[in-house]
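This report covers selected local features of one protein model.

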Amino acid sequence: MPDNLPIIDPLPYLPPSSLLPQLTPLSPSDLQPSRKLPPRGSMQHEVLELGREFFHRPRDEKESIGLGKSDGVRGYQKLHQNITKGKVDHHEGLDLYAPSPYTKSTQDNDDPKSNGNGERNFKPLDGPNQWPSQPEPFKPKLEQWIEKMKVLGWAVMHAMADGLGMTSEEWGELGGLVDDSFWVMRVIGYPPLPNGADGISCGEHKDYGCLTLLHADPIPSSLQVLSRSNQWINADPIEGCIIVNIGEMWEIWTGGMYPSTLHRVIHKSPTYRVSIPFFYEPNFNARVKLLEAAERKAKEEGIEVEEKDEVVYGDFLLGKVSGNFKY
Ligand SMILES: O=C(O)CCC(=O)C(=O)O
Ligand SMILES: [Fe+2]
């Protein structure tokens, strides 16, 4: 397996007119890692700029939508509040989730109920999203981005199902586990690591769900992924492309044939970096276990698979998010 990252064209799997009018089409002649910014006025450019503007807002304003004001996972995290494997990360961020899996009505309630003493008032994942009020276009533009990423997530799932040789019935079943995706979108801001620091901006980890669709500033040598031959290689943004990480649910579905990619961020260049990972995840109640199609494919290709324990995605996620932040 070569140590470079494959580039896949999802167009055959996209419903006509869903994505192309607003996203810059792939230009195969220009698929080189680049420092070029997405074209001004494009949606890719706007969402990154809105993220940057938000992170440059006054600290009090950002902290007024801190995680503690909702369910402990939705909202703003200040620098060093995020923890990966027990170590503090060097970034700030804003996390937004699909509507509450318990009571969809609490979602986007502009007046989250307070118990008056500043304590969290919602069980995990049950609170409202906390959208910044400034910059004003932030919410409508990022909501459009979420819709685009949901379409792209579905298309990549479909392409992967075809890649596994699934029958249409099997794809119907798999599709039924992701058709009400309990998605997460993070807008992350990375100040450069302090000079001479031996630090990490975001510690090595696997993403939890199906697929991460990452859009980031075109800054090379920041995001790194561990290749099959155990080398950290750069996953530099390519203009017109979205970086896709495989999450832990695919590792379970394929018995390890499609491993979830370990990745990390070391951001040393002097500019402030914005990234927007969109986590296209299974439905909250989806039961995830080894797929027969993956077993067949592995057998055909002489690959050994290891059946992992079945998980219910929502329970798996709750176990993960509880250790992510320092309050
Ligand atoms: O900022 C990036 O490039 C990656 C962020 C990431 O891996 C994550 O939020 O899970
Ligand atoms: Fe990640």
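## Charges over rings

The charged end of Lys123 sits over the ring of Tyr102, 4.0 Å from the ring centre. A charge counts as sitting over a ring if NZ of Lys or CZ of Arg is within 6 Å of the ring centre and within 35 degrees of the ring normal.

The model is predicted: local features need pLDDT of at least 70 and side-chain atom pairs count only at pLDDT 80 or more, while totals for chains, interfaces and linings use all residues. Residues are numbered from 1 along each chain as its sequence is written, chains are lettered from A and ligands numbered from 1 in the order in which they are written, and side-chain values use heavy atoms, with hydrogens and water left out.

## Aromatic pairs

A search of the whole structure finds twelve aromatic pairs. Rings of Phe, Tyr and Trp (its six-membered ring) pair if their centres lie within 6.5 Å; planes under 30 degrees apart count as stacked, over 60 as edge-to-face and the rest as tilted. The pair of Tyr97 and Phe182 has its ring centres 6.1 Å apart and its planes at 45°, so it is tilted. This pair links distant parts of the chain, with Tyr97 in strand β4 and Phe182 in the loop between α4 (168-175) and β5, 85 residues apart. Helices (H or I, at least four residues) and strands (E, at least two) are DSSP runs, numbered from the N terminus. Tyr97 and Phe182 are both buried, where buried means under 20% relative accessible area, exposed over 50%, and partly exposed in between (1.4 Å probe, protein chains only).

Trp154 and Trp171 also form a tilted pair, at 4.9 Å centre to centre and 50° between the planes. Here too distant parts of the chain are linked: Trp154 belongs to helix α3 (residues 138-163) and Trp171 to helix α4, 17 residues apart. Trp154 is partly exposed, at 32% relative accessible area, whereas Trp171 is buried at 12%. Elsewhere, Phe54, Phe55, Tyr76, Trp131, Phe138 and Tyr272 form one aromatic cluster.

## Cysteines

With a disulfide taken as a pair of cysteine sulfur atoms within 2.5 Å, the count comes to zero disulfides. Cys202 is in no disulfide, and the nearest cysteine sulfur, that of Cys210, is 20 Å away. Cys210 is likewise in no disulfide, its nearest cysteine sulfur being that of Cys202. Cys202 counts as buried because its relative accessibility is 8%, and Cys210 counts as buried at 0%.

## The second largest pocket

The second largest pocket has a volume of about 630 Å³. On a 1 Å grid over the protein atoms alone, a pocket is an open set of points with protein on both sides within 12 Å along at least five of seven lines, and lining residues have an atom within 4 Å of a point. Grid points are joined across faces, edges and corners, and the volume is the space filled by probe spheres set on the points.

The lining of this pocket has 34 residues, of which Arg186, His205, Lys206, Asp207 and Tyr208 lie nearest the centre. Elements that each supply at least two lining residues include β4 (92-97), β5 (184-190), β6 (202-205), β12 (273-280) and α7 (313-321). The lining divides into 16 nonpolar, nine polar and nine charged residues. In this division Ala, Val, Leu, Ile, Met, Phe, Trp, Tyr, Cys and Pro count as nonpolar, Asp, Glu, Lys and Arg as charged, and the others, Gly among them, as polar.

## Backbone

Most residues other than glycine have a negative phi, and most peptide bonds are trans. The peptide bond from Gln134 to Pro135 is cis, with omega near -10°, and Pro135 lies in the loop between β4 and α3.

His80 has a positive phi, near 75°, in the loop between β1 (75-77) and β2; at 34% relative accessibility His80 counts as partly exposed. Asn230 has a positive phi near 65° and is found in the loop between β8 (223-226) and β9 (232-234). Asn230 is exposed, with a relative accessible area of 58%.

Thr167, in the loop between α3 and α4, has its C-alpha atom 8.3 Å from that of Ala293, 126 residues apart along the chain. Met185 lies in strand β5 and is buried, at 0% relative accessible area. The C-alpha atoms of Met185 and Ala98 are separated by 8.6 Å, with the residues 87 apart along the chain.

Notes
1 Å grid on protein atoms, 1.4 Å probe; cavity = no way out; pocket = protein on both sides within 12 Å on 5 of 7 lines; lining within 4 Å.
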